[in-house]
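Keep the sequence and the model side by side as you read.

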Amino acid sequence: MSIDPFAPAHAIADQVRRGHVTASAVTRLFLDRIAAANGKLNAFTDVLAARALETARAIDERKARGEALGPLAGVPFAVKNLFDVEGLPTRAGSLINRARAPATRDAVLIERLAAADAVLIGALNMGEYAYDFTGENVHDGACRNPHAPDHMAGGSSSGCGAATGGGLAPISLGSDTNGSIRVPSSLCGTFGLKPTYGRLPRSRSFPFCDSLDHLGPFARSARDLALAYDLMQGHDPQDHACAERPVEPTLPGLGQGIDGLRIGVLGGHFSTDGMPVAAKAVALVAAALGAGTTVDLPGAEAGRAAAFLITNAEGATLHLDRLRTRANDFDPETRDRFLAGAMLPAPWLVKAQAVRRWYAAQAARLFKDFDLLIAPSTPMQAPRIGQKTMELRGRTVPVRPMFGLFTQPISAIGLPVCAVPVPGADPGGLPIGVQVIAAPWREDLALRAAAFLEARGVAGAPIPVL
């Protein structure tokens, strides 16, 4: 039986469990795709062919013995290279970390997917120390968009967007501090989930900004996203921020639709004036969800400013020793942002945290009237690699920070978001996406809406040019 590399992960797993295809055959297909396309995309920094084939063989042997296989039987997945992978130094997109001793154990989320019989096939390119929105890594080279390789993949989970959007890995795991799942999801045309802060454990992954870091999945369908998310839930005491909540499965309710849900469209800071493709994406999603009310989230601009300061200060603190001893081994742009963070006056950080708490209270009030809120993921489609400025709302602005225009205010207060690709916003053009935002711990509602949009053809991962 032939295998479609763009088939949903759950469909691949079903074929493996039924014995219609072997896990080894699936693994070899994706390893061959990586060999053929990674030279163009630069999505993978490490390909774990021997490990993947050994894992797949073990799955096939269990199948031959009549043992039950897991929900992701034989499905390849890849991870941003800030996840610990046994046998690899956890480079986190940097030059400096390559001198670290290899990890002796996989990250918790890798272990949880492996326990469901998924097959780890590699580690993925990313922005240095996750402080990036473009995917232009100076050490490993720019990660390229699978829909137009001369354009950016977005960051900092650039390899996740390129690999999953390009059909090289049905599922990938990334991180999101200020938008690093949602931005590459938007630019590369994938679904992505930034869970509630504290929902998924970050144990054995390299940090960036402790009070803003989230981990989450990329996939080519809403169901795959929910499946991977459900399998990774659960408290882990190694992550001090991981909430002690029970597993709350989203997959059983995925097909319930949107009846009874109160859905609004964010305006104000999230307005798409002068952004025609982003505006069309939001309009298509709003129409499909019956969201006719535009609402304001008070303090979004202040929340974004607070996130900038907190990111600067916490990130700089983490890297002070490296800044003192190996400053020349950083990407100069990353280094300069960390240096700026190291010099921030303490009262600014205190004020930023106070603003963040106030802003979170404004969002909590809004969620008394709405179950879900809609906002653009990015103000633009993928710029060309090397592009430094763009026109936005009548001004010439730098590309890099403006990727987070709509994502940072949501990260600042840890809300769960499902990023959905909206191919109808520019048929035949580059992808762009929309954020479906829920109240804390209500990932189930965001995923339900994403599945509803996909079922009606409004959301979906387009097939790339490669």
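This is a predicted model: local features need pLDDT of at least 70, side-chain atom pairs count only at pLDDT 80 or more; totals for chains, interfaces and linings use all residues.

Residues are numbered from 1 along each chain as its sequence is written, and side-chain values use heavy atoms, without hydrogens or water.

**Pockets**

A pocket is an open set of points on a 1 Å grid where a 1.4 Å probe fits, with protein on both sides within 12 Å along at least five of seven lines; lining residues have an atom within 4 Å of a point. A volume is the space filled by probe spheres set on the points.

| Pocket | Volume | Lining by class |
|---|---|---|
| Largest | about 250 Å³ | 6 nonpolar, 6 polar, 3 charged |

The largest pocket has 15 lining residues; Tyr131, Phe133, Phe308, Arg337 and Gln408 are the closest to its centre. Helix α9 (300–318; a DSSP run of H or I, at least four residues) gives the most to this lining, with 3 residues.

In the second largest pocket, 16 residues form the lining, and Arg202, Ser205, Pro207, Asp210 and Asp213 lie nearest the centre.

**Ser94**

Is Ser94 buried or exposed? Ser94 is buried (under 20% relative accessible area), because its relative accessibility is 0%. A polar atom of its side chain lies 2.7 Å from the backbone oxygen of Arg91. The backbone nitrogen of Asn97 lies 3.1 Å from a polar atom of the Ser94 side chain. Beyond neighbours within four places in sequence, Ser94 is in contact (heavy atoms within 4.5 Å) with Glu128, Tyr129 and His139.

Methods. Helices (H or I, at least four residues) and strands (E, at least two) are DSSP runs, numbered from the N terminus. Ala, Val, Leu, Ile, Met, Phe, Trp, Tyr, Cys and Pro count as nonpolar, Asp, Glu, Lys and Arg as charged, and the others, Gly among them, as polar. Buried means under 20% relative accessible area, exposed over 50%, partly exposed in between (1.4 Å probe, protein chains only). A polar contact is a pair of N or O atoms within 3.5 Å; within protein, one must be able to donate a hydrogen and the other to accept it, and residues adjacent in sequence count only if both atoms are side-chain atoms.
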